[in-house]
Each structure stands twice: as C-alpha cells, then as structure tokens.
There are 2 protein chains.
Amino acid sequence: MARIVMKFGGTSVADLDRIANVAQRVKREVDSGNEVAVVVSAMAGETNRLVNLCETASNLFDLREYDVVVSTGEQVTVGLLAITLQSMGVSARSWLGWQIPLCTDMAHGSARIQSIDTQDMIRRFGEGQVAVVAGFQGVDPQGRITTLGRGGSDTSAVALAAALKADRCDIYTDVDGVYTTDPRIVARARKLDKITYEEMLEMASQGAKVLQTRSVELAMKEGVRVQVLSSFKDTPGTLVVDEDEIVEQEMVSGIAYSRDEAKITLREVPDRPGIAASIFGPLTDASINVDMIVQNISATGEKTDLTFTVNKTDLNRAVEVLRSQSQTIGYSDLLADRDVVKVSVIGVGMRSHAGVAQTMFKALADKGINIQVISTSEIKVSVLVAEEYTELALRSLHTAYGLDAA
Amino acid sequence: MARIVMKFGGTSVADLDRIANVAQRVKREVDSGNEVAVVVSAMAGETNRLVNLCETASNLFDLREYDVVVSTGEQVTVGLLAITLQSMGVSARSWLGWQIPLCTDMAHGSARIQSIDTQDMIRRFGEGQVAVVAGFQGVDPQGRITTLGRGGSDTSAVALAAALKADRCDIYTDVDGVYTTDPRIVARARKLDKITYEEMLEMASQGAKVLQTRSVELAMKEGVRVQVLSSFKDTPGTLVVDEDEIVEQEMVSGIAYSRDEAKITLREVPDRPGIAASIFGPLTDASINVDMIVQNISATGEKTDLTFTVNKTDLNRAVEVLRSQSQTIGYSDLLADRDVVKVSVIGVGMRSHAGVAQTMFKALADKGINIQVISTSEIKVSVLVAEEYTELALRSLHTAYGLDAA
C-alpha cells in the first residue's frame, strides 16, 4: 500500500468524458489498495473565461475579488469528479482550499503556501475515502480565498504530497513525460525516463511547459518523488529524482525554448557607475522582471549599448517606463524587438564537461544563426536568436548534442 | 440614513453590462447615505449549466457535491460586482456563505437558514463598505457548502434583512412589481402598489414567479418590509406589507396560474376507511407532493373515483408508484393528464365577502370552461381546468372581479 497524490490539469478534465477517464485512473489506484488524494485544475478554457470576465469588469481589479471569481473553476471540477467517483462506487469527497485548510500568505493572485492541515484527510484515508482537492487555491489568514498563480495546481499537488508524506506525486498531463525537447518541433525528440530536479527546474524556467517552476523547486526542497505521465496513455512517464539516482549522466539532458521574451536595447548609454541601477531600478519598481542582460564593452570608454530581455507581456510597459526615464538614463535610442526566442541547453553533466557552450555556438554558426544575447548558469547555456530560427536551432542542437532518437 | 438589502436575480446580472447597471443602482443608494448589503444570484443560465453538468455526471449525485458545483454561480457574480463597484469608487467586498457565515442545516440542495452572523458586516457598514453577498448559499455545521434550493436568493435576501434589522429589502427583478395577473397574458393587468404578506404568499405558492414562497413566509414571520421592483426601470414597485397597512381592501387582489401540475384519476376505488392512506402513503414515501384532492361521492356506496394533482415533473414517478400498488389499492383504471392548468383567485377581502367562488364558477361557465377540481382556503379559490383555456380563463376572471385597468 502506498499513499499517492495524483494531479490532473485542465485538458485532462476538459469535459465529463475526460473527468470519467480521470475517475477510472483514480479507481485503479484505489483498487490497488493505495490511499489517494487527487488534485485537479479547472476544466480547460474555464480559467481564461473567468480571468477575462474580471479584466473586462475593470482593468484595475482587486486581486482578492479576482481570486473569488477564478477559484470557482477548480471548485466545479472537484464537485464533478467526486460525483463521478461515487457513481463508480469509490468513496470520495471534495476539498476546497479553505476547507482543508490550505493556508497561504496574503499575496492574492500569486499566493505562497504556508501550511496544509492534513489530519482530517488522513483520517478519511483510513476509511477508504479519496480526497478530491481543488488545485490552485488556498485561504489567507483573514479567511479570504487566494490563488497560487498560473499553473498553481502543480504546486498544490507537490505541497500536498509533502504534507501528506506521500510516496509519490503523479502529475498527469497531455504529454507522456518530459522530452529532450518539444516533440512537436523535433520529431526525433526522446522521452526521458528520469531527470534531476535541477534540470527539471531549468527546463521549466526556460520555457518547457510540462511542470510549473515553483512546483519543481518545492519538490526538490521537500524531496517529493514526482512523476510526469500521460492522462490518456498507459505508458511509464518521466521520474524527477535526485542526481544520485541517475547513474550515467548525459552532458545535455534537454533543450528548452521560450517565445515569451522580448528584447530591449538602449543605445549609447553613458558608461558610468550607477547607470545599471538607473535603468533596472525603475523597471523593478514597476514589477517588471528582467531576464538576460548584456552590456557591450564600449569602444571609447564613454558610451555603451545595453541589451536585456523582459517578458513579452511587459514589453509595452517597460518601454513606457524607460522613455519616462530617458533624461535620467541618457541613452540615444531605444530599440524593442518582439521577434526573438530564447533557446537553452540544460544538463547537470555540464559541471564535469567542458565545451558545452562551444558545441552550441558552433552548431548555430554552422546554420548561419546569429546569437544576440548569451547567458549561462552552472547547468545551462541560453542564447537569444531571431524567432524565425526557432525550429532550425532546436533541431540542430538536438543533433549536435547526440540527443536524437535512433 | 437607512440600512437596506438589495437583491438582484439572474437576469439582472446576466452579463457585465447588467452588472454595471446593478452597481449604478447600488452606488445611488450609497450616495444617498444608506448602508447597503446587496445579494446577487448567478448570471442567467449559469445555474442551469452547472446543474446539467452534475446531472450528466451521475443521475444519483451526492447533494453535498452538487452544492459545491452550483454555488460557484453566485461566487462568480459577487466577485465581479465587487470589482465593478470598486471601479466606480464604491468601497465593497464580497461575502460567500461560509465567510459570513450564513449557517444552515444539513439538508443539502434545499437547506434552511439557521443563523447569520452580521457583526463584521455591520462594522464595515460603519466604514462605508458595501457588502456584496452571494445568494442561494450557506454552510452546514460540518463546514460544507449548502444551497437553499431554486429561487433561494430571495430567501437569502429576506433572511439577511431580518438579521441586519434592515429598514427595507428591495427585490429587483425583470418585472416592475406584482401584477393582478400575468401581464403577458392579460393586457389589462394592473401593477399593485401594495399587497399583503398572505396574498403574496398565496400568489407565490399558486404559481406567480415573482417571489419565492419561502422568502415571503420568512418576511411575514420576521416583519421584513419587502419591495418588488424593476432592475431596468425607475418606477416604484410593489410593497409587501401587513394587512392593516392597506386601507381599502379589494375582494380579490390577484389571479395566479400554474402549468406545473398534472392530474391523476383513479377509477372505481373501493370506498372504505384507510383507502386514502393506501394511495397517498406510498406517494409520500416517494417524496411526491400531492396538491389538490377530490373524492367523488359514490352512487352505490361501494366504489368511488379519486382525483388529485402532483407536480408535472413527478407525474411519471407517481404513476409508477401507483401501478406498483394497484393490488393493494384496487382501482379499475388509472388516468393521467398533463394538459391542465390551476387558476387561483386570491384576496384577503374574501374573508369578509361572500360569493367570491360563485363569481368564479359563473365567469368560467359563461365561457364554457369545465372545472375539473376545486380547492379553497381562507383567502383563495383554485380550480383545475384544461390547459387550452388558460388565457381565456385568466382574462374572464380578471374582468369578472373588476381588476381590469381603466
């Protein structure tokens, strides 16, 4: 007997047929004698519909009320799944964030989990009852509903698995695991049997949509054994594990890409101390995150060009902020470019292998792809290139690192 | 300064434009210096959509889970209305049933209100905050969401008005008040300025859809001053008041009709003690309500015909139950008829006027309308006639009782 948390995303519960499919998978685990908590998202499209209602009602909405509205998506799914499980003879009840309670801080719209009371749930496991838990939602210290931000249901599942001391946290999704890269672009992409927490974290934060970054961080911190697998197929998925569980580590495990970034270049910025603060301070004040940053060495020692990336959705606001600060900063020109893609090669093997970046630069140069910005970390090299090269860059790199399936 | 409860139904909050219209009406009351709690229903069509999801998931659903699902309709509306009020500069926050808390019994799907904690809400009135309250929902002693049954938002509003000791409970709807009869059928129907609780109660329970029966009962019991008025027009509505507030009482105040009933006749039932129990006992056991009952005097003293009505939605089940009991009851034939309408004339003036029923019978006879069943109470006479006569019967009676507008 094991205690497991199963998590199903929006496409896996998109309609009643799919909810019945989820119920079948839950029943199978129950019939195997396992204790099961199942975390579900809103039916596909529902969260967008609700967000859109809030945004249309007012462009400056109260996030506490936004949370009241958008949390209903998961509330509908848990009720329907509990009903469906019962109709199959499986004892089940739904749990909303405030009922557990899953306590969060007061950061409405992107709250962080502080504690989860699992006492009643565990008692009911003993009575053979499945806990059907609304993902993405919690309750703040004042008793108001909070949500955890986009993709928050992954975080709900991992946090619940940690609180329940579950043996496994199975994240069911519309793909059957974590791939070396996006198989829709690279036909020869391979499914990974195992990936380390750190690689998964980089993959997620560099654009792979399969798991939410925060949930991977949490799994790593709490040592939750996460598995990513398909809700539609009966094939083994990808296990996210500690580094020491992977015997033969490849140099590069995967290649991620993100079209969510946009590039800003400030031309002829005075090359003096404090200039970076005068640029990035106002952006931070406007809650705009900056990702990659490159400062060119200036020829004269007086002026330099500064390039960095922001999220595409923040581009217009970033440009506005920088224009309003043009006197203080003193640049000659501001260039914005949406047509870029960030491509990242990721692997814990990099720590012990030299030449990983060089392989990347050469593979891209061979195809005539110009690198606009480079940034590196211990287990990752990212480059920014023109968006039109996305597919070509991914395929070339996949081959260059020997990742192609036989 | 007054303290008022405003209630808006599904058609009044059907989309964001209408929610903005509701917010304007709330703002007007706030600007007049009033303390306001506003109770809202789900956006039109939403409750039906949610009920349908539950019914499709399983035909024998757990009402506790049903309540989890359907209560989301009101949850969305309160969030959106609070956002809209804030965007107009009105301080507002949403309240879900469990947050107030509005405590109910455990009868999920049709729970009854037991207590409402208004302390925090009243404190916030003092800070100028509008309470935006989800109608139709509460929380049971175990902390699970309950709903109050169809039309329950009227009951939420009246109960909240009683708990808040509000000066007024304004029920905004898609008609501009209570009419002598359905103005869509009788063009000369008149809007009533005032109606007594008792008459309103009979109107509601005899088919007028303007207020839910339970809410009128509660208003009468608690002495809540209810006004029915239009969310779309700026005209005075109808006040529901104590009998002594109406100086000149008409004999008949209104004519209601209901197409929700169906007629069952059992032929040649043995005319012996206990026979009624053998028929209505099994129906009660199956939770089928019987409304009008007539037993004919038998010519021979041995056999009699028995006719009664049930809700149309219960007809098939009722026939099934009675067929299964045919040996015990011993009737010769069972006739079921869906094509009937119940027409009721209502007025507290009946208590002091004779001949009210006679006027009804004559008016119907003059038009050749056959009366199938009659039932009376102190302030009401109801008859069952063939459904095809609905309009003719209503118009004839409206004229016969002198209710036509000039």
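A residue is called buried when its relative accessible area is under 20%, and partly exposed when the value lies between that cut-off and 50%. The legends below apply these words to a predicted model.

**Figure 1. Ser156(B) is a buried residue of helix 6 of chain B**. Ser156(B) is found in helix 6, which spans residues 152-163 of chain B. Its relative accessibility is 2%, and since buried means under 20%, Ser156(B) counts as buried. Apart from residues up to four places away in sequence, Ser156(B) touches Val39(B), Ile113(B), Gly135(B), Phe136(B), Gln137(B) and Leu148(B).

**Figure 2. Eight strands of chain B form an open sheet**. The order of the strands is 3-6-2-1-9-11-12-10, and their pairing is mixed. At the edges are strand 3 (92-95) and strand 10 (194-196) of chain B, each of which pairs on one side only. On average, neighbouring strands of this sheet are turned by 20 degrees against each other, direction ignored. Within the sheet, strand 11 (residues 226-230) and strand 12 (residues 238-241) of chain B pair in the antiparallel sense over three bridges. In this pair, Gln227(B) stands opposite Leu239(B) of strand 12 of chain B. Helix 1 (residues 16-31) of chain B packs on the sheet and touches strand 1 (3-8), strand 2 (35-40), strand 6 (130-134), strand 9 (168-173) and strand 11 of chain B. The direction of helix 1 makes about 175 degrees with that of strand 1 of chain B.

**Figure 3. Strand 3 of chain B is covered on both faces**. On one side of strand 3 lie Ala92(B) and Ser94(B), on the other Arg93(B) and Trp95(B), and all are buried. Strand 3 runs parallel to strand 6 of chain B, and four bridges join the two. The bridge partner of Ser94(B) in strand 6 of chain B is Val132(B). The loop between helix 5 (119-126) and strand 6 of chain B holds Gly128(B). With a relative accessibility of 40%, Gly128(B) counts as partly exposed. Although Gly128(B) and Ala92(B) are 36 residues apart along the chain, their C-alpha atoms are separated by 8.4 Å.

**Figure 4. Helix 4 of chain A meets helix 4 of chain B**. In each chain, helix 4 covers residues 72-87; the two axes come within 10 Å and cross at roughly 175 degrees. An angle over 145 degrees counts as roughly antiparallel, and the two helices are therefore roughly antiparallel to each other. Thr72(A), Gln75(A) and Val76(A) make the contact from chain A, and Thr72(B), Gln75(B) and Val76(B) make it from chain B.

**Figure 5. Met43(A) is a buried loop residue with contacts in both chains**. Met43(A) is found in the loop between strand 2 (35-40) and helix 2 (46-57) of chain A. Its relative accessibility of 13% places Met43(A) among the buried residues. Neighbours within four places in sequence aside, Met43(A) is in contact with Gly10(A), Val13(A), Ala14(A), Asp15(A), Ile19(A), Val76(A), Thr77(A), Leu80(A) and, in chain B, Leu53(B). Met43(A) and Gly10(A) are 33 residues apart along the chain, yet 4.8 Å separates their C-alpha atoms.

**Figure 6. Asp174(A) belongs to an annotated binding site**. An unreviewed UniProt entry gives the annotation "binding site" to Lys7(A), Phe8(A), Gly9(A), Gly10(A), Thr173(A), Asp174(A), Tyr179(A), Arg184(A), Lys209(A) and Val210(A). These residues are spread over 204 residues of sequence and are also spread in space, with up to 23.6 Å between C-alpha atoms. Asp174(A) lies in the loop between strand 9 (168-173) and strand 10 (194-196) of chain A. Its relative accessible area is 46%, and Asp174(A) is thus partly exposed. Beyond its neighbours within four places in sequence, Asp174(A) is in contact with Thr11(A) and Phe232(A).

**Figure 7. Four strands of chain A form an open antiparallel sheet**. The strands follow the order 13-18-20-19. Strand 13 (254-258) and strand 19 (373-377) of chain A each have a single partner strand, so one side of each is left without a neighbour in the sheet. Strand 18 (residues 340-346) and strand 20 (residues 380-386) of chain A run antiparallel and are joined by seven bridges. Val340(A) stands opposite Ala386(A) of strand 20 of chain A. Helix 13 (residues 390-400) of chain A packs on the sheet, where it touches strand 13, strand 18 and strand 20 of chain A. The direction of helix 13 makes about 170 degrees with that of strand 13 of chain A.

Definitions and conventions
Residues numbered from 1 in each chain as written. Chains lettered and ligands numbered in written order. Predicted model: local features only at pLDDT ≥ 70, side-chain atom pairs only at ≥ 80, totals over all residues. Heavy atoms only, no water. Axes fitted to C-alpha atoms, helices over the stretch in contact; angles between N-to-C directions. Parallel < 35°, antiparallel > 145°, perpendicular 65-115°, else oblique. Contact = heavy atoms within 4.5 Å. Pairing = 2+ DSSP bridges. UniProt positions renumbered as here; feature names shortened; annotations may be inferred. Buried < 20%, exposed > 50% of the residue type's maximum accessible area, 1.4 Å probe, protein only.
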